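My notes follow in the order I took them.

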Amino acid sequence: MIKNFVLDTNVLLHDPNALFHFEDNRVIVPITVIEELDHFKKDLNMLGRNARTVSKHIDRLRASGNLAEGVSLEHGGVLRVAFGSEGASLLPPELGGRTGDNQILGVALSARAREKDVPVVVVTKDTNLRIKADALGITAEDYESDRVDIEELYRGFREVNVGKEFIDAFYASGECLPPPDARDLHPNEYVIFRDTASQSSALGRADALRRKLRLLVPSKEDVWGVRPRNKEQTFALDILLDDSVKLVTLAGKAGTGKTLLAIAAGLRKTSDEEVYQRMLVSRPVFPMGRDLGFLPGDVEEKLKPWMQPIFDNVEYLFGFSRKKRQGGVRGYQELINLGILEIEPLTYIRGRSIPNQFIIVDEAQNLSPHEVKTILTRAGENSKVVLTGDPYQIDNPFVDSASNGLSCTVEKFKGEAIAGHVLLVKGERSPLAELAANIL
């Protein structure tokens, strides 16, 4: 059945190509949405780019006909720009104000009154607008073209029950064929084999072609003083230190060791083994709570408050290995001076080509899928990208746990041979941090 989809501004700012994602249905853009896009078009950030892209799409369609009457879209469907005033009289007195949301609801009510047999759906990422639409008897939905089921997010590992004979044979040969319960493994997915009767277990990892499982033996050697404290951290270090895997995503709650493991592996690969020329670390600039405002100084001084968590982790690693490295590099500033460590704001990454570097993007859950795409397409020859973050701890108002760049990357790359993912479960920062992450 053909439907009328009324789009909110936040949908178009989130995905400027949303106009073309409703197949052969009718897309209605309220005039108040055009006005709101006009406020964003001069911004020099992602929202400004998206607003300008939407305006260009609609302007190009304007050449094909009258927007007020409806213009045919390339892949079927019709786009129409509508005024909210035509439905203002249908709104209850409580919604009589000329706010953008109320005008969108007016357009939806007007469309329903004009064609009573055609369902009307308001598409918005604004929870309150969905509530108001529902109260008016209008169907309201979130925009879900790039959403993932966060409760079913790929973990990067699974548990399989087997017999003790299987585990013994796996240890003896160092590899095995996937058992029947694990035939659908993804490339680089980890497996925990358990025998409940004997309480024995083994860890394995599927190769890129998923033909065999390789025995994973925890290394006795530390990585810059860091040793994995649980099986998920063992998986994470293994995939971080594998040069054939060019994209690693690490997700997990606060204190699970995502950033620390990534930096330790990066220092091993750059400073010790010299596989990569330098380690490039960045994180999006989103304040928790009230922003401090403008900061004085050059780029490095402005970035320091935002990058302090990175410096804390590097200093923590130096504290572990200081006895081993007497007379060597003693702090993050010396790493920066030697060119081993580089701190870069994501603001300036567009247009760059970054070859032969170990790239870490911390707090990637605050990025949109398009921003993650921009970062990944900067990776040059022999570069490795590591995305870390907690999908449940988001400060960016334009994404949520199911639509952020980290969650989308995990889900879309799980079948690729050059990508690996691990969900870190157990907090290891401190007993207090673990308890707070679980009960607050």
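**Helix H4**

I checked the length of helix H4 (residues 100–114) first: at 1.5 Å a residue its 15 residues should span 21 Å, and its end C-alpha atoms are 21 Å apart, which agrees. The expected span is 1.5 Å times one less than the number of residues. Helices (H or I, at least four residues) and strands (E, at least two) are DSSP runs, numbered from the N terminus.

I noted that the model is predicted: local features need pLDDT of at least 70, side-chain atom pairs count only at pLDDT 80 or more, and totals for chains, interfaces and linings use all residues. Residues are numbered from 1 along each chain as its sequence is written, and side-chain values use heavy atoms, without hydrogens and water.

Buried means under 20% relative accessible area (1.4 Å probe, protein chains only). Among the buried residues are Gly100, Ile104 and Leu105. The buried residues of H4 pack against elements including strand E1 (4–7), helix H2 (31–40) and helix H5 (127–135).

**The open sheet**

I traced six strands in the order E14-E13-E15-E16-E12-E17, with parallel pairing. Strands pair if DSSP finds at least two bridges between them. E14 (341–343) and E17 (419–424) stand at the edges with a single partner strand each, so one side of each lacks a neighbour in the sheet.

I then looked at E13 (residues 278–282) and E15 (residues 357–361): five bridges join these parallel strands. Val281 stands opposite Ile360 in E15.

Definitions and conventions
Buried means under 20% relative accessible area, exposed over 50%, partly exposed in between (1.4 Å probe, protein chains only). Contact means heavy atoms within 4.5 Å.
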